[in-house]
Amino acid sequence: MAAILTPATTGPHSTRLALPIAKPKLPLQRTHLVRCVHRPEISPFFHGAVGANRADWQSACAILSSKVATTSQNHQRTPQHHEAGDDTNHSLVPVVNGHGSAAAALDLVPVQLPQPLTIADLSPAPKHGSQLRVAYQGVPGAYSEAAAAKAYPNCDAIPCDQFEAAFQAVELWVADRAVLPVENSLGGSIHRNYDLLLRHRLHIVGEVQLPVHHCLLALPGVRKEQLTRVISHPQALSQCEHTLTAMGLNVAREAFDDTAGAAEYVALNGLQDTAAIASARAAELYGMQVLADGIQDDSGNVTRFVMLAREPIVPRVDRPFKTSIVFAAHDSEGTSVLFKVLSAFAFRDIGLTKIESRPHRQRPIRLEDEASSGGGGAAGTAKHFEYTFYVDFQASLAERRAQNALAEVQEFTSFLRVLGSYPMDMTPWSITSSSSNSSPGSQQ
């Protein structure tokens, strides 16, 4: 089968694409592709005239394609010699993609076009790490980097200076996933990320829970007696507060953006009087010594991370799932709607693992007339905070009971959004093993 571009008979500057012509008696031949690029120069096909319009150029391309096709057939039939008097231009040899000995004679410019997409290009990224780009907040050696490695082994971890940057990296296709902390067993919820979950349109596709193993790091040769301050993430400082006091360190404690960033800062500036609280991996990366190992106040210190993606995953029922939602109450309901929402889950035997309230940013205050509310109070207008509620419950959206519960919740709320329905982290872990593990755990 062959498709040849030939001059049209209806006009001097028209082209047409001939229908594929079957040639059953001839052997299968390789078709030659010619690409023409218009150059604002004098073209040999116009006898000294400049091809200033697209129609003239298309006509020239059609003539060229016809000549090349004809020459290719003649060249295959008589490759060694040509008959005398043959008026075919023998200097025209097949040119593929603008390359060949006749490129200069034909005044063609090589064209590099992008390759067509294949099924592999359109298939989703691997689920378990290979070739995945995962954004995290911090610098190399941060606990979030270790969380990303556990969630997606062999991934390409991309450090971000802020949580906001990690969200935007996924939204702008710089990264495929983001791994960000949402709560710590000692420090509580990381409210910044809860606010960002509502602001951005990413979906939670998984979770990972990792133990935290803090170390006191200083430059080589520095003794504890020389220290005048300790820097780290605020949560890391609070998680090691009692241990630092018990060590007899009379030092100032200053907050830093993240744990590994604190270690990097001490190393780059050569601070002899400053220590950092970070992971053992950070000590290796930045050439620091470990003055004290495992200085967290509680050996059961765990941080929970969520994995974020542009598209949600399909919920299943073949393994334990968790679903995260956020909702706001109707104006007339106020915080009393929380009891109705909890009842919707309790009646269906759905366990809740977390409830988090955050002040409503667009409508922080709700006004209520106490005299007309029937509360028996004095006449006046009461001002109540409006809240947005985050709830995690142990059920998959593929289950009918979860669907019915959300349908009932929607009746009481003015806003309801599913942040994600994702597999629970079922990785075996114990407090005893985590306290002796010197590997990094989770980002602060």
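**Reading a strand residue, a helix and the cysteines**

Q: In which strand does threonine 353 lie?

A: The model is a predicted one. Threonine 353 belongs to strand E15, which spans residues 352–359.

Q: Is threonine 353 buried, exposed or partly exposed?

A: With a relative accessible area of 38%, threonine 353 is partly exposed.

Q: Which residues does threonine 353 touch, leaving aside those up to four places away in sequence?

A: Threonine 353 touches Lys322, Asp392, Phe393 and Gln394. For aspartate 392, the separation in sequence is 39 residues, while the C-alpha to C-alpha distance from threonine 353 is 5.5 Å.

Q: Which residues of helix H12 are buried?

A: In helix H12, residues 400–412, the buried residues are Ala402, Ala405, Leu406, Glu408, Val409 and Phe412. These residues lie on the same side of H12, because they cover an arc of only 165° around the axis. The face turned away from that buried side carries the exposed residues Arg400, Gln410 and Glu411.

Q: What covers the buried residues of H12?

A: The cover includes helix H11 (337–346) together with strands E14 (321–329), E18 (387–393) and E19 (413–423).

Q: How many disulfides does a search of the whole structure find?

A: The search finds zero disulfides. A disulfide requires two cysteine sulfur atoms within 2.5 Å. For cysteine 215, the closest cysteine sulfur is that of cysteine 240, at 9.2 Å, so the two are too far apart for a bond.

Q: Is cysteine 215 buried or exposed?

A: Cysteine 215 counts as buried, at 1% relative accessibility. Cysteine 160 is buried also, with a relative accessible area of 8%.

Methods. Residues are numbered from 1 along each chain as its sequence is written. This is a predicted model: local features need pLDDT of at least 70, side-chain atom pairs count only at pLDDT 80 or more; totals for chains, interfaces and linings use all residues. Side-chain values use heavy atoms; hydrogens and water are left out. Buried means under 20% relative accessible area, exposed over 50%, partly exposed in between (1.4 Å probe, protein chains only). Helices (H or I, at least four residues) and strands (E, at least two) are DSSP runs, numbered from the N terminus. The arc is that of the directions from the helix axis to the C-beta atoms. Contact means heavy atoms within 4.5 Å.
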